[in-house]
Amino acid sequence: MKKFLVGLVSDVQGRSDEMALLAILGVLTFLGLQIFAVVVRQQHFEPEAFGLGFGAAIGAAATGMGLKSHLGG
């Protein structure tokens, strides 16, 4: 399990990839805040808004990783 998790946040040379770590933390934070809003604050779940926000978070992460690999960062 540890090898899998390290593989998620490291690049081909085995160095840590900050963009992947930020993307994973961002998505987990987004999901955690959505669960908090629905469960703790008793707010209504809006699937359209959730889908737009979640898609934007995934899209931003993918764009950042793509630009990083394209620009050699």
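This is a dialogue on reading a predicted model of a single chain.

User: How far does the predictor's confidence go in this chain, and where is confidence lowest and highest?

Analyst: pLDDT is the predictor's confidence in each residue, on a scale from 0 to 100. Here the chain averages 84, and 99% of the residues score at least 70. By element, helix 1 has the lowest confidence with a mean of 81, while helix 2 has the highest at 86.

User: Which elements make up the chain, and in what order do they run?

Analyst: The chain has three helices and zero strands. Read from the N terminus, the order is α-α-α. The radius of gyration is 15 Å, well over the 11 Å given by the globule rule for 73 residues, so the chain is more spread out than a compact globule.

User: What box do the C-alpha atoms fill?

Analyst: Taken along the principal axes, the box is roughly 45 × 30 × 15 Å.

User: How do I read burial and surface for the chain?

Analyst: A residue counts as buried under 20% relative accessible area. In this chain, buried residues are 10% of the 73. The accessible surface is about 5800 Å², and carbon and sulfur atoms account for 70% of that area.

User: What share of the contacts join residues at least 24 apart?

Analyst: The share is 37%, taken among contacts between residues at least 6 apart in sequence.

User: Where does Ile24 lie, and why does Ile24 count as partly exposed?

Analyst: Ile24 lies in helix 2. Its relative accessibility is 32%, and partly exposed covers the range between the buried cut-off of under 20% and the exposed cut-off of over 50%. Ile24 therefore counts as partly exposed.

User: Where does Gly53 lie, and what is its relative accessible area?

Analyst: Gly53 lies in helix 3, which spans residues 47-71. With a relative accessible area of 24%, Gly53 is partly exposed.

User: How many residues apart are Gly53 and Ile24 in sequence, and what is their C-alpha to C-alpha distance in space?

Analyst: Gly53 and Ile24 are 29 residues apart in sequence, and their C-alpha atoms are 15 Å apart in space.

Terms used: Residues are numbered from 1 along each chain as its sequence is written. This is a predicted model: local features need pLDDT of at least 70, side-chain atom pairs count only at pLDDT 80 or more; totals for chains, interfaces and linings use all residues. Side-chain values use heavy atoms; hydrogens and water are left out. Helices (H or I, at least four residues) and strands (E, at least two) are DSSP runs, numbered from the N terminus. Buried means under 20% relative accessible area, exposed over 50%, partly exposed in between (1.4 Å probe, protein chains only). The radius of gyration is taken over C-alpha atoms; the globule rule is 2.2 Å times the number of residues to the power 0.38. Contact means heavy atoms within 4.5 Å. Accessible areas come from the Shrake-Rupley method with a 1.4 Å probe; for residues, only the protein chains shown count as cover.
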